[in-house]
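My notes follow in the order I checked things.

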Amino acid sequence: TTVAQAAPDGRPPVTIAHRGASTYAPENTLASIDAADRLGFEWVENDVQRTKDGELVILHDNSLARTTNVEQVFPGRSPWRVSDFTLREIEKLDAGSWFGRKFRGERVPTLEDYMDEVEHNDQSLLMELKSPELYPGIERQTLNELRRAGWLDKGHVKSRLIIQSFNADALKTVHRLRPDLTTGFLGNPSVADLPKFARYCDQINPVHTAVTPEYVAAVHGLKGPHRRPLDLYTWTVDDAATAVKVAGLGVDGIITNKPDVVRDAVGGD
Ligand code: G3P
Ligand code: CA
């Protein structure tokens, strides 16, 4: 086991299981968060999108084709966009077999079922609003569902929930609706632009190839909307050498498909 050079604050970065422990179970399914839980990981990441009839579901691609058997069940409905299918239709799909026979019967989870499982496992969630530009109003709708599931109470908001997106406008909306929530921008704005993001983002979350000592210092040098220094979570780091490198650069979080590999490399929970 290689142990990383300690980050400037002396703590190892938090490890986040990307789409669940998605090297070991089909991404963005309940099986994937259960796999993360069994490996001992508190933090999981997911992607939220919306069906034709307005239900929130957990799926990464805008299309159902890669991670379900939609092409067999609904031939001729190419390109199989999630927004072209009702929840009843999506519930008929197998979201596990593509990954491995033993996962046959896994479903595309609704946000509601997903939140129940995260709560059941006592886990924490880095939730991505994926392509919110395709789904007008998804910010408010997601917050309403989170509230109904009990995830906007003080305890959850304070330490168990982060909302991230590549879409800055969506994050501005989330911050306006619920200023107490922690938000993260996915991307690497220029250093000159960072102060604008710090008005409504608590985190800047760049791809790992964009992480440099200067960039980490610039992010950490700014305070976010909650008057705390901005954090930096990076993605998607699946090998020990890169994990050690970014930990040494002082990142606060590592988003990974192989959380066990990252934990072995950098330590921490
Ligand atoms: O959490 C970071 C990462 O999920 C962003 O990329 O395409 O995997 O959603 P993507
Ligand atoms: Ca994501």
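**Strand pairing**

I started at β5 and strand β6 (residues 182-186): four bridges join them, and the two run parallel. I kept in mind that this is a predicted model. I then followed the chain from β5 to β6. It passes through helix α7 (residues 168-177), and this β-α-β crossover is right-handed.

Next I turned to the other neighbour of β5. Strand β4 (residues 124-129) is joined to β5 by four bridges, again in parallel. L125 stands opposite L161 in β5, and E128 stands opposite Q164.

I went on from β4 to strand β2 (residues 43-50). These two pair in the parallel sense over six bridges. Here E45 has L126 of β4 as its bridge partner.

Then I checked burial. Strand β5 (residues 161-165) is mostly covered, with four of its five residues buried. In β4, five of the six residues are buried, so the rest of the structure largely encloses this strand.

**Ligand 1**

Which residues surround ligand 1? I listed H18, E45, D47, H60, E128, L186, W235, T236 and I255. By class, the shell divides into three nonpolar, three polar and three charged residues. E45 is the bridge partner of L126, and E128 faces Q164 in β5.

**Helix α1**

I looked at how far α1 (30-38) is covered. Seven of its nine residues are buried, so α1 is largely enclosed by the rest of the structure. The buried ones are L30, A31, S32, I33, A35, A36 and D37. I asked what covers them; the cover includes β1, β2, α4 (111-120) and α11 (259-266). After α1 comes G40, and its phi is positive, near 95°.

**Helix α9**

In α9 (residues 213-220) I found Y215, V216 and V219 buried.

The face of α9 turned away from its buried side carries the exposed residues P213 and E214. The buried residues of α9 pack against α8 (194-197), β7 (203-205) and β8 (231-234).

Most residues other than glycine have a negative phi, and most peptide bonds are trans.

I noted a cis peptide bond between S78 and P79, with omega about 5°. P79 sits in the loop between α2 (70-73) and α3 (87-90). The peptide bond from W235 to T236 is also cis, and its omega is near -25°. T236 lies in the loop between β8 and α10 (240-248). W235 and T236 are both listed in the surroundings of ligand 1.

Then I went through the positive phi values. N28 has one of about 55° although it is not a glycine. N28 lies in the loop between β1 (14-17) and α1. R227 has a positive phi of about 65°, and it is not a glycine either. R227 lies in the loop between α9 and β8.

Are N28 and R227 buried or exposed? N28 is buried, because 30 other C-beta atoms lie within 10 Å and the cut-off is 20 or more. R227 is exposed, with 6 other C-beta atoms within 10 Å.

I ended in the loop between α5 (138-148) and α6 (154-159), where L152 lies. L152 counts as partly exposed, with 17 C-beta neighbours inside 10 Å. Setting aside neighbours within four places in sequence, I found L152 in contact with L143, L146, R147, V157 and R178. I also took one distance. The C-alpha atoms of L152 and T29 are separated by 22 Å, and the two residues are 123 apart along the chain.

Conventions:
Residues are numbered from 1 along each chain as its sequence is written. Chains are lettered from A and ligands numbered from 1 in the order in which they are written. This is a predicted model: local features need pLDDT of at least 70, side-chain atom pairs count only at pLDDT 80 or more; totals for chains, interfaces and linings use all residues. A residue is buried if 20 or more other C-beta atoms lie within 10 Å of its own, exposed if 12 or fewer, and partly exposed in between; C-beta atoms are placed from the backbone. Two residues are in contact if their C-beta atoms, placed from the backbone, lie within 7 Å. Two strands pair if DSSP finds at least two bridges between them. A crossover is right-handed if, with the strands pointing away from the viewer, the path from the first strand over the helix to the second runs clockwise. A residue is near a molecule or strand if its C-beta atom, placed from the backbone, lies within 6 Å of it. Ala, Val, Leu, Ile, Met, Phe, Trp, Tyr, Cys and Pro count as nonpolar, Asp, Glu, Lys and Arg as charged, and the others, Gly among them, as polar.
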